2 protein chains.
Amino acid sequence: MREIQVGLIGLGTVGCGLVKVLEDNGELLQQRLGVPLRLKKVVDIDLDRPRPVNIPREVLSTQVQHILEDNEIQIVVELIGGMEPAKTFLLDAMKRGKHVVTANKALLAMHGSELFAAAREHGVNIAFEAAVGGGIPLIRAVREGLVANRIGRIYGILNGTANYILTRMSQEGTTFAEALSGAQKLGYAEADPTLDVEGVDAAHKIAVLSSLAYCCEVDFNHIYVEGITHIDPLDIQFAKDFGYQIKLLAISRSDGKRIEVRVHPTMIPQEHMLAKVEGAYNAIHISGDSVGDVMLYGLGAGMMPTGSAVASDLVDLGRDLVAGSGIRIASLASEERAVACRQVKPMDELVIKYYFRFVAVDRPGVLSKISGILGSHDISIASVIQKGRQVKGSVPIVMMTHEARERDVRMALAEIDDLPVVTSTTRFIRVKKNESVEESQS
Amino acid sequence: MREIQVGLIGLGTVGCGLVKVLEDNGELLQQRLGVPLRLKKVVDIDLDRPRPVNIPREVLSTQVQHILEDNEIQIVVELIGGMEPAKTFLLDAMKRGKHVVTANKALLAMHGSELFAAAREHGVNIAFEAAVGGGIPLIRAVREGLVANRIGRIYGILNGTANYILTRMSQEGTTFAEALSGAQKLGYAEADPTLDVEGVDAAHKIAVLSSLAYCCEVDFNHIYVEGITHIDPLDIQFAKDFGYQIKLLAISRSDGKRIEVRVHPTMIPQEHMLAKVEGAYNAIHISGDSVGDVMLYGLGAGMMPTGSAVASDLVDLGRDLVAGSGIRIASLASEERAVACRQVKPMDELVIKYYFRFVAVDRPGVLSKISGILGSHDISIASVIQKGRQVKGSVPIVMMTHEARERDVRMALAEIDDLPVVTSTTRFIRVKKNESVEESQS
């Protein structure tokens, strides 16, 4: 093989990152692959936008057929994002026997099974290192490095924008809105930050990771998703008082039968490595029955880190092409017959610790009323802080519970919020389980 | 292919870990590989020792020929450690066309080139994920995940024993000897801890990592190695006062031409992720020109984590065998002709910040004398702490310098230690450079 010919669909931020990596480190990549990676065609609907890379005019096109119908192109990289036309392009490329690379976590989370089936059917590889954790070599870690483990838990800080906002709120005491606006000014948040701050992006990523970790299909609609827009600086301060940091955590756990997959703000003990992940960084903490706890940390987004991950997939597929090894690792890194459909446990059944912040009138007997209702729902209190921060005649009462059932918590809080002495809706934040490695060995 | 037949040489801690992983997760491994991994023969010189695994009598042998001469065995795992006979066994196995797996960092550091050349000559793979960072999928990260990066720096906490001891000293204020003895009682340190506490083990590992990161041969004898036996609880306390943690750090840097490779106690700013790595954990912080900063964290030793890494290599080589892909990735993940011999920069040329602890008589003019000598050697002081902790008429004078040259530091300290007012040998600890990602993009 003289060279590997590559077609790139989508010249946005990540696309430009890939072009730049291939440009900057082309010689290095050739040494490591044995043959050159040649970017033969780059397709985008808008070629007039100013971009930070120089691509020869003859390489550019607005017609995706110039990639799909080119029989010399062996690998197609899809970096346009979203459902359509990305899905059609990928399916078409695979049908024509081309290997594909994608960073499209939303598409993988919603239609992964269909894409993986197409790859199997057409005897091609689908690589997606850049879909989760940006430049962090995470997909490889799960599919290969930790292959000898039954994975019990994954905790991920998977969205850099949300983590950046929470870090600023924690360090500067600002509100969510202020921190978001600061993040937007610095380019850490998009003009429409919904997918990031509402937890949807992190949910896409944990869905993909869970599929890989448990060799299963995960129904995205069963994933509980809660964002960080309602996090109050007061809660961040109280969390610190109790020895915790609040992070938007993507959580995935398996008891060997059913799985938990959820994304929500979570209080993490300050001494846990995940509590120390600041700014736009991502980190993924994985517990396996052999390896124990492993954590991977790095930039989960950005032009160059994501470009680095896409380029690593190109080298990987290129090595397969050079070695003639066909599908060396299946999409879910497992035999087809072993891929199961694993039921996602309903949130109602969750049993964990909770943080509550009640806002009530400053009057004797209020705490007793609240704790009475909690008790009647089997929720026992671990500690209480009642601080003199009176706002408009009300005071916050802050509690940490022992382990309680989510369903009971929801019922108790509904009842408490109906009390005349309670002046606004109770805030609650889930608390990370305190686990030892041993517990994961189910 | 019906199954992959494996021979294991060495049934110590890691060997037993591998057997246990194959036993516990055999079905999972088969699903992920497509065919069973069969441990056909296990060889050890002492079969009578009690071990935590049950191996059928007919699988065990004391004769290594039972593995090497068995034509059905496709992969040989070497887990005896040390130079000989490990090297001879590996070379013999490769000569017979067998792929090999080893966790032997000392052998790879000293004779890696010879082993890699043999693998190339005989068209076989040599896998060594378990050699560095135990269960952390680190070798894969460098060879594959970060393949599109020019790596500028690696900082590693690569020895769990040393990190456990320093963590205890830091948390409990104990001496090195007390912490070591505690570590030995809990099984975190061996009866003879020399290789761990003197930094030699970490040096083996950073040599292997450097070879991979820069695709080069590294002369082990040019690596500067300093252990932690001389670290005083006083220095740990002063480090904290300045905002640092002391870690045994393995450091590897490239300026594109020469490389730095060294192991020594290092003061790390408390807010750096590496400063937060506690106990027996390892962590490796890598800076690449595309990916920025990435860190991998986990247990760097132990029966099961290391067994997990060895098993991942078996699956990797098994996948190559099933796919018929031969040598898919060269040992140093690069074409042979691109492998260079990179000169290790002499320590004398190092330019970094230093921590000094002088012990001098409590008399006016002493500080002026010391700082005069430092100044005459181009060493400028960033801050000084002179605390009233008088011991036998002497007081410690503690300083942080601006960037200075190691050669100048050594000369200045020799001169200072000759002063009559200086009552014992000056302690110095190197301080981690404060770097941004950009600097690594050389």
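Which strand pairs with strand β13 (residues 292–299) of chain A in the antiparallel sense over five bridges? The legends below give the answer, starting with the view across the two chains.

This is a predicted model, in which local features need pLDDT of at least 70 and side-chain atom pairs count only at pLDDT 80 or more, while totals for chains, interfaces and linings use all residues. Residues are numbered from 1 along each chain as its sequence is written, and chains are lettered from A and ligands numbered from 1 in the order in which they are written.

**View 1. Strand β13 of chain A meets β13(B).** The partner is β13(B), joined to β13 of chain A by five antiparallel bridges. (Strands pair if DSSP finds at least two bridges between them; strands are DSSP runs of E with at least two residues, helices are runs of H or I with at least four, and both are numbered from the N terminus.) Look for Leu296(A), whose bridge partner in β13(B) is Leu296(B).

**View 2. The side of chain B that touches chain A.** Here 54 residues of chain B are in contact with 54 residues of chain A, contact meaning that C-beta atoms, placed from the backbone, lie within 7 Å. Helix α12 of chain B gives the largest share of this side, ten residues. Other elements that each supply at least two residues include α1 (13–24), α2 (26–33) and α6 (138–145) of chain B. By residue type, this side of chain B has 25 nonpolar, 17 polar and twelve charged residues; Ala, Val, Leu, Ile, Met, Phe, Trp, Tyr, Cys and Pro count as nonpolar, Asp, Glu, Lys and Arg as charged, and the others, Gly among them, as polar.

**View 3. Two copies and their axis.**

**View 4. An open parallel sheet in chain B.** Six strands line up in the order β3-β2-β1-β4-β5-β6. At the edges, β3 (60–61) and β6 (126–127) of chain B each pair on one side only. Inside the sheet, β4 (residues 75–78) and β5 (residues 99–102) of chain B share four parallel bridges, and Val76(B) has Val100(B) as its bridge partner in β5(B).

Technical notes: Copies are superposed by least squares on the C-alpha atoms of residues with pLDDT of at least 70 in both. Two residues are in contact if their C-beta atoms, placed from the backbone, lie within 7 Å.
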